[in-house]
Amino acid sequence: MSEKNYRFIDACWRKPVDYTPIWIMRQAGRYMKEYQDIRNKVSFLELCKTPELAAEVTILPIDKLGVDAAILFSDILIPVEAMGMNLEFGDGGPHLGSPVKNKSDVDRLIVPSPQEKVPFVMETIKLLRKELDGRVPLIGFSGAPFTLASYMVEGGGTSSFVKIKTMMFKDPETIHALLNKVAKTVICYLNAQIEAGAQAVQIFDSWAGTLSPRDYQEFALSYTKQVIDGLNRENIPVIYFVQGNPGVLELVKQAGSDVIGVDWRINLDVAWNRVGYDVAVQGNLEPCALFLPKDKLEERAKEILNQAGGRPGHIFNLGHGILPQATVENAKFLVEAVHKFRIQNTEDRTQTRE
Ligand code: CP3
């Protein structure tokens, strides 16, 4: 690997590294003054669609925090807009006009060509590879089919998921048609990112945690698996993150990613043991732990590193995105703490499942 800091990619492949790499979901965002300054001048969507600005924001946490990977600055809903829905961001988060209600709504959506509909994403990636110049690897990403379909049916955020669940149970034909179309879109979208230079990809299934195991299998897992199977993933590690349902971890493994994202509702050692040591894990500090005083924050970071036990294949992260209320000071402190503790792997590697 030609990167100057190769630790993130090596850890994805479960190769030994001298210290545990860390990056933070939503690491470029409102908790940073420099981000807010840019956002005071342009809207969120404009920021996503202007390669020079998106690249600048992507690099902020590399400079300010010293994290070991960059993640493309964009949003999971960008390809949804390209499919033909009207997307807006307000104070209440994303809003999609004319949510999907029936089969003819699905039929009207397209499987967009990324080069045609979202060329700014690939331009941002190319620009970033140049500007990063191998300092750290660049992660591309997409929402998983179920999570994107939830937004498309609900029309925005929700806590009950009543509309999508009603569709799942009353009109399975429509939801499956929608999920199929979204899965095809995500495959093209991620392959275009890989072709443009993304060195790893993360699939965010932020809302799959709302599903029972059997529904997760039918409506989320099968489509994410379809996506992962469709990726040109040689030398490109795939991270799959399901938020909010530790009850489905064994099923999450069946999607076939190289790395499994773990949220904070389960201890990392328990999670890793359940998915098996033949896959890498990423996580899993409670995001609000960044509000703790530094000594307590350090203790929690150490706890997680101890649970990983120095085994190759752990990438440190929060269990979900960093909150706007977090401070740069504590985020930087966390990165330094993770880099400082080097836990010896006491396990005989020949004894582990390979
Ligand atoms: O990780 C990164 O730094 C890369 C950028 C990134 C953003 N969104 C920037 C963003 C990534 C990877 C995402 C993914 C995303 N977007 C997810 C999956 C991750 C997760 O949190 O589960 C989801 C569900 C979305 C949809 C979304 N975008 C919501 C619900 C919101 C509003 C709520 C919120 O947290 O702000 C957004 C807006 C958004 N996406 C912002 C940023 C920096 C804030 C926009 C602003 O500047 O006002």
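**Notes on the predicted model**

1. Helices (H or I, at least four residues) and strands (E, at least two) are DSSP runs, numbered from the N terminus.

2. Some ground rules. Residues are numbered from 1 along each chain as its sequence is written, and side-chain values use heavy atoms, with hydrogens and water left out. This is a predicted model, where local features need pLDDT of at least 70 and side-chain atom pairs count only at pLDDT 80 or more, while totals for chains, interfaces and linings use all residues.

3. On confidence, the protein chain has a mean pLDDT (the predictor's confidence in each residue, from 0 to 100) of 95, and 97% of its residues reach 70 or more. Residues 348-354 have pLDDT below 50, and beyond near neighbours in sequence this stretch has eleven contacts in the model. Contact means heavy atoms within 4.5 Å.

4. Helix H15 (residues 294-308) has 15 residues, so at 1.5 Å a residue it should span 21 Å; its end C-alpha atoms are 21 Å apart, which agrees. The expected span is 1.5 Å times one less than the number of residues. Gly309 follows H15, with a positive phi near 65°.

5. Which residues of H15 are buried? They are Leu297, Ala301, Ile304, Leu305, Gln307 and Ala308. Down the axis of H15 these fall within an arc of 160°, so they line one face of the helix; the arc is that of the directions from the helix axis to the C-beta atoms. Buried means under 20% relative accessible area, exposed over 50%, partly exposed in between (1.4 Å probe, protein chains only). The cover over them includes helices H14 (268-275) and H16 (328-340), plus strands S8 (280-285) and S9 (314-318).

6. Leu305, in helix H15, has a relative accessible area of 2%. Leaving out residues up to four places away in sequence, Leu305 touches Thr20, Gly310, His314, Phe316, Val338, Phe341 and Ile343. Arg342 is 37 residues from Leu305 in sequence, and their C-alpha atoms are 8.3 Å apart.

7. Have a look at Gln202 too, in strand S5 (residues 200-205). Gln202 is buried, at a relative accessible area of 0%. Residues touching Gln202, beyond four places away in sequence, include Trp23, Met25, Phe141 and Phe241.
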